[in-house]
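Please keep the viewer open as you read.

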Amino acid sequence: VFKQNQNSSLKINFYLSSIDDMITKDSNTKQYVQDSKNEFIGTELEYIYLPNNQTELNFLTSYIQSRDDDGEDLADVANFLASSTLIYEFKSGFTLGSVLQYISSSKRFVGDDRDDMDDSVIFNQTLSYSFKSFISSLVVKDLFDSNRYYSLAKNVYETDFDDGGRAITLNILLEF
């Protein structure tokens with residue numbers, strides 16, 4: 001962690017994990033087995049900037065290389081992730097929160113002849129209002145309706161899981 005001053009900090013994390021007897025799916029029998037050894041090597045980088053008392057900017061990126069005991073890349077693991085967050089608090093009680101996320105593509109399991117999973121970019125927007133014991137928020141997930149998919153096994157499902165695209169949620173809380 002490097003903190004230049006109270007308004008900015010930089011965090012860097014490196015890691016190496018080795019997991020013995022990890023539960024994986026056997027590509028021949030399609031059964032789950034507990035005999036795989038997997039290695040994960042990665043890094044994370046986060047920068048937080050507070051230009052004033054009302055604003056926070058956060059940039060986060062991570063890279064992971066995940067391999068099985070044969071040295072092959074693991075399926076369903078996105079190697080690169082990135083996000084950027086902006087939070088701005090207005091003096092009127094409103095708070096605006098914006099999140100932009102990127103997830104890189106990932107490969108399929110052995111034997112799954114479908115194309116690899118596509119990368120995705122999602123933008124989420126929140127507008128909150130707070131006054132005394134009243135709090136409300138309007139959350140728009142996937143504002144631009146770009147749809148994120150999660151890989152599902154082909155032998156069980158014909159298509160991947162669609163996260164539903166844009167979703168709007170209104171939350172209201174009154175404490176008394």
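Strands are DSSP runs of E with at least two residues, and helices are runs of H or I with at least four, numbered from the N terminus. The model is predicted, so local features need pLDDT of at least 70 and side-chain atom pairs count only at pLDDT 80 or more, while totals for chains, interfaces and linings use all residues. Residues are numbered from 1 along each chain as its sequence is written, and side-chain values use heavy atoms, with hydrogens and water left out.

Begin with Y49, which sits in strand β3. Y49 counts as partly exposed because its relative accessibility is 32% (buried means under 20% relative accessible area, exposed over 50%, partly exposed in between, with a 1.4 Å probe and protein chains only). Y49 also belongs to a nonpolar surface patch of about 760 Å², together with F2, L10, I12, F14, L45, Y47 and F59. Strands β2 (8-25) and β3 (32-52) are the elements that each give two or more residues to this patch. Such patches take residues with over 30% relative accessible area and no salt bridge, joining nonpolar side chains (Val, Leu, Ile, Met, Phe, Trp, Tyr) within 5 Å and like charges within 9 Å. A salt bridge here is a side-chain nitrogen of Lys or Arg within 4 Å of a carboxyl oxygen of Asp or Glu.

Now turn to D160, in the loop between β9 (149-150) and β10 (161-162). D160 is buried because its relative accessible area is 17%. From D160 to S98 the separation is 62 residues in sequence and 27 Å in space, C-alpha to C-alpha.

How values were computed. Areas by Shrake-Rupley, 256 points an atom, 1.4 Å probe, with all protein chains shown as cover.
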